[in-house]
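Subject: Structure for your review

Dear colleague,

Please find the structure below, handed over for your use. A summary of what was found in it comes after.

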Amino acid sequence: MSAGEKAAGAVANYVDERTGAAKWLKKNLTKVFPDHWSFMLGEIALYSFIILLLTGTFLTFWFDPSQRDVIYHGAYQPLSGIKMSAAYESTLHISFDVRGGLLMRQIHHWAALFFMSSIGAHLLRVFFTGAFRKPREFNWIIGIGLLTLGIVEGFLGYSLPDDLLSGTGIRIAEAIIQAMPIVGSYLAFFAFGGPFPGTAFIPRIFTVHVLILPGIFLALITAHLMLVWYQKHTQYPGPGRTEKNVIGYPLMPVYMAKAGGFFFVVFGVTAFLSAVASINPIWLYGPYTPGQISAGSQPDWYMGWLDGLVRMFPNLESHIWGHTISWNILIPGLIIPGILFTGMALYPFIESWVTGDKREHHLLDRPRNVPNRTALGVMSITFLLVTLSNGGNDLIATHFALSINQITWFNRIGIFILPPIAFIITKRICLSLQRADRELVLHGHETGQLVRLPHGEFVEVHEPLTPEETWKLTQHEQRAALEFKTIDENGVSRPKGLKEKIRNRLSRAVSEQVKKPDGDDLKEIEHH
Amino acid sequence: MSKEIERLSDPGLPEHVHRRTDTDPAAAKQAERQIAIFFVLSALGTILFIFSYIKIPLDRFIFIPILGSTNAHQLFLGLGLAFSLLFIGLGAIQWARTLMPDTEVVAERHEFRSSEADRADFVATVKERAASAGLGRRSLIKRTLGLSLGLIGLSPLLLLRDLGPLPKTELETTSWAKGVRLVIDPSNRPILPSDLEVGAVAQVLPELAPGTERTLENVAKDAVLLIRLRPEDFKLSPERLSWTYQGIIAFSKICTHMGCAVALYEQQTKHLLCPCHQSTFDVPRAAKVIFGPAARPLPQLAITVDAQGYLIASAPFSEPVGPSFWERSS
Amino acid sequence: MKRLSRYRRHRFAGPVLLVFALFMIGTTFSVADASSRQSQTSLTRTTAIAEGRLIFLRGCSSCHGINAEGGSIAPSLIGVGAADVDLQVGTGRMPMADMTVQAVRKKPAYTPDQVAALASYVASLAPGPAIPTDVVANFERDGSTAAGGELFRTNCAMCHNFAGQGGALSGGKFAPSLMASTPTQIYEAMITGPQSMPVFSDKIITPTEKLSIIKWLKAAQAEPNLGGASLGRVGPVTEGLLIWTLGLGLLIGIAVWLATKAR
């Protein structure tokens, strides 16, 4: 035994005598993880979170979360002598006077953008492959929670420097709070410690941003990962893969190296982006004052869809018995997001209700084999793209020489007609792909080689599929539509018939698919 | 099993294909060298980072194509950090790909559902112990427990009361009152009507009482935009016309939608545009909303001149300025 | 010829010929264009106002009227002053080539002497803002960058954006980027209120304050990209675009490589 092995043995003994960890560690070090690039999207989010914690802690050592007025006499000359808040001044100090300060600021902000975009990409992957189905419904809900809280955390984070752009965003947030019926003005005054902008808001959101939300994130992410660990990761279907096994590589050494290495890759790419691309240059924006505004003011991208919704909404406001209800703020600012996030969170339960599928699933779906779900997903992406593009409508107008009013109208109408069109097109494409798969299984690959048969006919030689390819194209399950009886044997309509009728209808739609080839089909082909 | 069914069934895990590094020791050595190069590049990255931190001054700029004139300290510090991290990752990944075993391992999934015996056991245990606590029988305990727990939930809520004052009339009042002079933002000079040409705008705030400081809370309600048109351009009611002075009209600058500063005046169309959500207000018609999500026109400030000829407010705003709220009656 | 014809079926033959043809068309056009411009300058030397009038009649009167009285498609120029002409014609906005919503800055159609002549002529029609002199000489000395920044953010940023990159107005109009504007042009714009821009009278923004704004804008034009490539200085939209393209693209690319089997 080498000296190193002796030392390691001593340490292991010490720990095991106090915790009994040997068995538990052995079991987990040999745990198997399936390997696919699309499984790394969630990891990007996880590693970005760690990067945010590290760089964020660094920033707190210099950032002053105070709105008291100071006069700037620092390194950035164009702001010399200008009155600003201590928060803004300390951010300037970090950017100009602290070595590595600007780099840490930029890594922190780029990591935040990575965090949100990778959560989005990860959500789409989980959605399109059906990984949210039983037993992973709770993990999906935790994920939606992480998404929602991430949006808030990011908004609060970039509002901390109290610059003109983010201050405008806070003004808009205050208007949303203020618009709430009955309690709005009280909540706004409580949140801001008085009239807007006050001096209490930045210190308070600092606590939320640095302590409360990260604490909640740590708890939720831990739960999220523990569930994945315990329930084992899903896997793509393929030869040898069943609902009862998981095929991949063991934690030690392969997954440790790959996942651990990927952490360094994410950190490295984020640092690279922070070295070469400027982000949130607050010294150019100037300090916040309610009397100033810049053309082309937008929130960060993950809130851009909210901005787009607000921009396109008609100016509806009601005055009832001496009181005002601002539908133009409440609907796009609170009600629609509320419906969207609640709907997203409940989706696994909605889908299992429609399909009647209560079984466990560990094999992922190929998106083409679940046309309605895939079409729903593309429809949601279309909705997001329409709202996002409307959030940037003024930049689109200037860069493409268009009229901002026309862009707004295009999006006002497009938000209603483009998603359904996307749904229909996607569903048709999925069914076509199913048909193509079926043809491939039945007839094999086209080789482009022509052969002339003895009786004169030209035929193209088709190469049959390998068993692995065949399995990949036919392993999916195709369930018939649910048929809930709405009228019983005596011809009496069931009292709860409406719910069942809806379910039937949806189930029929969901079960629309191209029949995959079975034994009979193959027999037929043989006779050609 | 018929031939057709067999064709459609799971062929099982494919044969493991060995990598070059598995069979050829020279290839494995080459892979090892490649990984070593990655790790050495990472070390060089760290050296670049340390060098940049210590040696490159904060105010040195360097021209790089695409990046433009960029800060050399920040760029090389960042690149050093990026390479130091990235290459560790790439090295570790390549190590896993080429040299660590890549035979796929099959592990069994276990049913999550507990056995019937375990479940029955659990239910029985919980029932028995809940019964032994006596909660079901002792309704007095149950009810008073509910009372105490429910009440204690109110305490933290009450602690939040001093987060802020009650709004009272704050949202409805501004610093503008009869006789308050209009002054230019940020220089605080008073304004004569002749200072403005037709087509001119001015960013305006109320003159401060001597000895008072202007706070941002004041600005958030008091900011006003002054615009000069030709008197014949107005399409106002007689009352609103009386609030103008020789073609000069004043509006609250705080957007009635969500509170951004509406200062974007299009001289030719005489529209005011709010850059946040594109609410558009028509100045000749008292800032009537003609596009966008704002529901109400910008409140108009009645102006006239004082004895010295400087522009003053002739009355406070006739309605609350800024975004709507529940208590707002119009 | 035989040596050349050997390559006629080469796979690059098409692209090479295309590039050559484009090059020939381009150079032919610029030569022809330059020669047409030559003839414009060969005018008889008269006084500036008379010369200006001749240029006006040839190049501007079809829209602005024989006596600059304006019409349905172009405003009257009587009283706009030399400053307005210097700005509009000097930045190439006038003559307006593309009759869309708004004139755009482009290569000026006239030489600086011709612009001066036009300005003199228009100034002779009625009193109006004169071309500001000594702006370039004085803004460094008399202006304050920081004060100029405050003034810019209060009076200009809502149209031109915090960094002078320009912004959208209603109906397809726009406030242009100020990154190419000269100090004199900036001053002229403030006193003449071109197109949609309001007028910033000298009592509202004093001449010294105007010089401060110019000094700040000059600093903004020279502002280095402290944190790396500037991404347009238009805010979070381009940052979001970059993260979804280059950012996730790089990471997903490496993830794909990570999961591939080594050869």
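This is a predicted model: local features need pLDDT of at least 70, side-chain atom pairs count only at pLDDT 80 or more; totals for chains, interfaces and linings use all residues.

Domains of chain A

The domain assignment divides chain A into domain 1, residues 31-364, and domain 2, which is made up of 366-450, 457-478 and 513-528. Between the C-alpha centres of domain 1 and domain 2 of chain A the distance is 31 Å. Where the two meet, 19 residues of domain 1 of chain A and 23 residues of domain 2 of chain A take part in the contact. On the domain 1 side, helix 5 and helix 12 of chain A each contribute at least two residues, and helix 12 of chain A gives the most, with seven residues. By class, that side of domain 1 consists of nine nonpolar, seven polar and three charged residues.

Contact between chain A and chain C

This contact involves 56 residues of chain A and 50 residues of chain C. On the chain A side, the helices that each supply at least two residues include helix 5 (101-129), helix 7 (164-179), helix 12 (301-312) and helix 16 (404-443). Helix 10 of chain A gives the most to this side, with eight residues. The side of chain A that touches chain C has 32 nonpolar residues, together with 20 polar and four charged residues.

Sheets of chain B

One open sheet of chain B has five strands in the order 4-5-6-7-12, and its pairing is antiparallel. Strand 4 (182-184) and strand 12 (300-301) of chain B each have a single partner strand, so one side of each is left without a neighbour in the sheet. Strand 4 of chain B pairs with strand 5 (residues 201-206) of chain B over three bridges, in the antiparallel sense. Within strand 5 of chain B, B:Val204 stands opposite B:Ile184.

A further open sheet of chain B is formed by four strands in the order 8-9-10-11, again with antiparallel pairing. Its edge strands are strand 8 (264-266) and strand 11 (288-291) of chain B, each pairing on one side only. From one strand to the next, the twist averages 35 degrees. Three bridges join strand 10 (residues 280-282) of chain B to strand 11 of chain B in the antiparallel sense. B:Thr280 has B:Phe291, in strand 11 of chain B, as its bridge partner.

With kind regards

How values were computed. Residues are numbered from 1 along each chain as its sequence is written. Chains are lettered from A and ligands numbered from 1 in the order in which they are written. Two residues are in contact if their C-beta atoms, placed from the backbone, lie within 7 Å. Ala, Val, Leu, Ile, Met, Phe, Trp, Tyr, Cys and Pro count as nonpolar, Asp, Glu, Lys and Arg as charged, and the others, Gly among them, as polar. Two strands pair if DSSP finds at least two bridges between them. Axes are lines fitted to C-alpha atoms, for helices over the stretch in contact, and angles run from 0 to 180 degrees between N-to-C directions. Domain bounds come from an automatic or database domain assignment.
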